[in-house]
Amino acid sequence: MANRLAHETSPYLLQHADNPVDWWPWSDDVFEEARRRGVPVLLSVGYSSCHWCHVMAHESFEDRETAEYLNTHFVSVKVDREERPDVDAVYMEAVQAATGQGGWPMTVFLTPEGEPFYFGTYFPPAPRHGMPSFRQVLEGVRAAWTDRRDEVAEVAGKIVRDLAGRELKFAAVDAPGEDELAQALLGLTREYDAARGGFGRAPKFPPSMVIEFLLRHAARTGSEGALQMARDTCERMARGGIYDQLGGGFARYSVDREWVVPHFEKMLYDNALLCRVYAHLWRATGSELARRVALETADFMVRELRTNEGGFASALDADSDDGTGSGKHVEGAYYVWTPEQLTEVLGEEDARLAAQYFGVTEEGTFEEGASVLQLPQHEGVFDAERIESVRERLHGARSRRPAPGRDDKVVAAWNGLAVAALAETGAYFDRPDLVDAAIAAADLLVRLHLDEKARLARTSRDGQVGANAGVLEDYADVAEGFLALASVTGEGVWLEFAGFLLDHVLARFVDEESGALYDTAVDAEKLIRRPQDPTDNATPSGWSAAAGALLGYAAHTGSEPHRTAAERALGVVKALGPRAPRFIGWGLATAEALLDGPREVAVVGPEGHPGTRELHRTALLGTAPGAVVAVGATDSDELPLLADRPLVGGEPTAYVCRNFTCDAPTTDVDRLRTALGVASIG
């Protein structure tokens, strides 16, 4: 019999709808029921492509005895962290503060007032590795609740008070300058893994936002070291197992320092961010590898993550059916190869070539003799046509394996990131189909996620909008996507929609007194504290994403309130950038844009005129940090930057301005290239 999750839209919650646990979705009713029954709340938070979430579900939540115990002594609530990042954030902060670590599945026990008092992540069905079993935890929590209620209340109250005391106070009220950005670069250099690319030790996550900072810093200052770190990290990732050498796209992270063995789930946000990073690396260097990876990643997103409504699904699972007929799901089964499997598909001679080219060994680089495909550096030269034939045959054979599951909910923020990446990649490489895919996703966000007051819903699925309100990262990343579309298409409607979203940011997410930003709106559901985090995690923080979008919008429109809000928000980057540059990369990238102006480029000329097209593409290829571009006819009122911009000598003309000063207008593509730092590429 299905439980209360049967009518939810989240694929993760629906995975638990047939559990014998009497799950509730997050709501006030949960806590009302706990008060009525006088029992604590079990909060379990995860997401659909989380491997250990599936393991704990199978071991404990599908177990009838465990479920009966839970149903008798607790009110159990399931939360999809991707639908409710606010709930996830406040309780994850409590878990990390109490235990020094966090992760998913997250398991938290709450009072009926929502105050946490006991924490953990994955608990096994039987004690192991020093961990208690889940049943032992449940019995211990029940005993404490029954016999030591005052003590539980005291612990819960202290935790909530401690969390309230962690509200961010930052002394810096102005944006970072040259000194802070130089210190941030020095800090990154110290943590850089020169032998393998990336930063720090295993596990290694793709440092997308940091690479954007490095590329912008190199463009503004000419720093060879910054460009080298960006280029080498991108090459090592693209040659590693973290990149899908057959189908394109990136896995979530590498479990080792060498980028060989990934955690195999593929997330929309990683691929959107990395698609844009590699496109920007190509823009800066002309690297053929960067061009290939940007396009393959864009094609992966459109081919495998696009939904019927034109949006983009959240993720592909790490696990899939192992293909043996046992029904067993195994991590990485879809992606890895043994030498025997290569021979089966390719024949002996091409299998030997493939094993050498992709680094497939007899002992294997993963588990049970299987290897993750990589592109090791080789001395010899390979026949490109033969390698392409091998890739196509392997990709075709792989597509006949049982595919990983897909979480097909559409998350506003991540779709905003995808819109920006696909719009720019399509424009750089003359792929109008990618720009069309970006427009279709943006249309879906406007049509389905925005209400009549331009308030944004966090998720939708199968064309049905979800009940959860958008958080700061949704407003900021969708605005970022719309701003990129405005620059690429010249359509003013996208700038207008970005303005609507950013007006909400100013009115509902900014602390007027300090300029600090909150992750939830002032009128959002009240949790035990209002979440607020300026540091980047897997995606840009809502805080730094908002600063970037506010700055871009101000450059397009001349709006002083938006620019002032961006500058005030960057105060936190002045404080944190020199100390923790790996965790505030997008804030540093936005600070680079502020230091550079950012530049405002207006291209005026008849639509479809070759001169207009060439000036527009040249403007988009400029590496000047955060530059905004407007294109249109001389009499157009589509975009504010086009106002009062006449043609020069009747020819398509470009205007470049920054800091209230404009260069002389030019009809010469080479002069525009020089003004915007365009590399000598296509």
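Cys 662 is partly exposed, because its relative accessibility is 44%. That value lies between the 20% limit for buried and the 50% limit for exposed. The model is a predicted one. Cys 662 forms a disulfide with Cys 657, and the two sulfur atoms sit 2.0 Å apart. What is the state of Cys 657, buried or exposed? Cys 657 counts as buried, because its relative accessibility is 4%.

**Disulfides**

How many disulfides does the protein have? The count comes to 2. The other link ties Cys 50 to Cys 53, with an S to S distance of 2.3 Å. Cys 50 and Cys 53 are both buried. Counting bonded cysteines along the chain, the pattern is 1-2, 3-4.

| Disulfide | S to S distance | Angle about the S-S bond | Hand |
|---|---|---|---|
| Cys 50 and Cys 53 | 2.3 Å | 80 degrees | right-handed |
| Cys 657 and Cys 662 | 2.0 Å | 100 degrees | right-handed |

A disulfide needs sulfur atoms within 2.5 Å. Cys 234 is buried, with a relative accessible area of 0%. Cys 275 also counts as buried, at 0% relative accessibility.

**Around Leu 281**

Cys 234 turns up again among the contacts of Leu 281. Where is Leu 281? Leu 281 belongs to helix α11, which covers residues 268-285. Leu 281 has a relative accessible area of 2%, so it is buried. Setting aside neighbours within four places in sequence, Leu 281 contacts Leu 215, Arg 231, Cys 234, Gly 286 and Ala 290. Arg 291 is 10 residues from Leu 281 along the chain. The C-alpha atoms of Leu 281 and Arg 291 are separated by 8.2 Å.

**A buried loop residue**

Gln 374 sits in a loop. This loop runs between α14 (348-358) and α15 (384-398). Is Gln 374 buried or exposed? Gln 374 is buried, because its relative accessible area is 14%, and buried means under 20%. Which residues does Gln 374 touch, not counting those up to four places away in sequence? They are Arg 239, Gly 240, Gly 241, Gln 245, Val 260, Tyr 357, Phe 358, Gly 359 and Thr 365.

Helix α18 spans residues 472-489, and helix α20 spans residues 542-557. Their axes come within 8 Å. They cross at roughly 35 degrees. Which hand does the crossing of α18 and α20 have? The crossing is left-handed.

Both helices supply residues to the contact. From α18 come Leu 472, Glu 473, Ala 476, Asp 477, Ala 479, Glu 480, Leu 483 and Ser 487. From α20 come Gly 542, Trp 543, Ala 545, Ala 546, Gly 548, Ala 549, Gly 552, Tyr 553 and His 556. How do the residues of this contact divide? There are 9 nonpolar, 5 polar and 3 charged residues in the contact of α18 with α20.

Terms used:
Residues are numbered from 1 along each chain as its sequence is written. This is a predicted model: local features need pLDDT of at least 70, side-chain atom pairs count only at pLDDT 80 or more; totals for chains, interfaces and linings use all residues. Side-chain values use heavy atoms; hydrogens and water are left out. Helices (H or I, at least four residues) and strands (E, at least two) are DSSP runs, numbered from the N terminus. Buried means under 20% relative accessible area, exposed over 50%, partly exposed in between (1.4 Å probe, protein chains only). Contact means heavy atoms within 4.5 Å. Axes are lines fitted to C-alpha atoms, for helices over the stretch in contact, and angles run from 0 to 180 degrees between N-to-C directions. A crossing is left-handed if the near helix is turned anticlockwise from the far one by less than a right angle, and right-handed if clockwise. Ala, Val, Leu, Ile, Met, Phe, Trp, Tyr, Cys and Pro count as nonpolar, Asp, Glu, Lys and Arg as charged, and the others, Gly among them, as polar.
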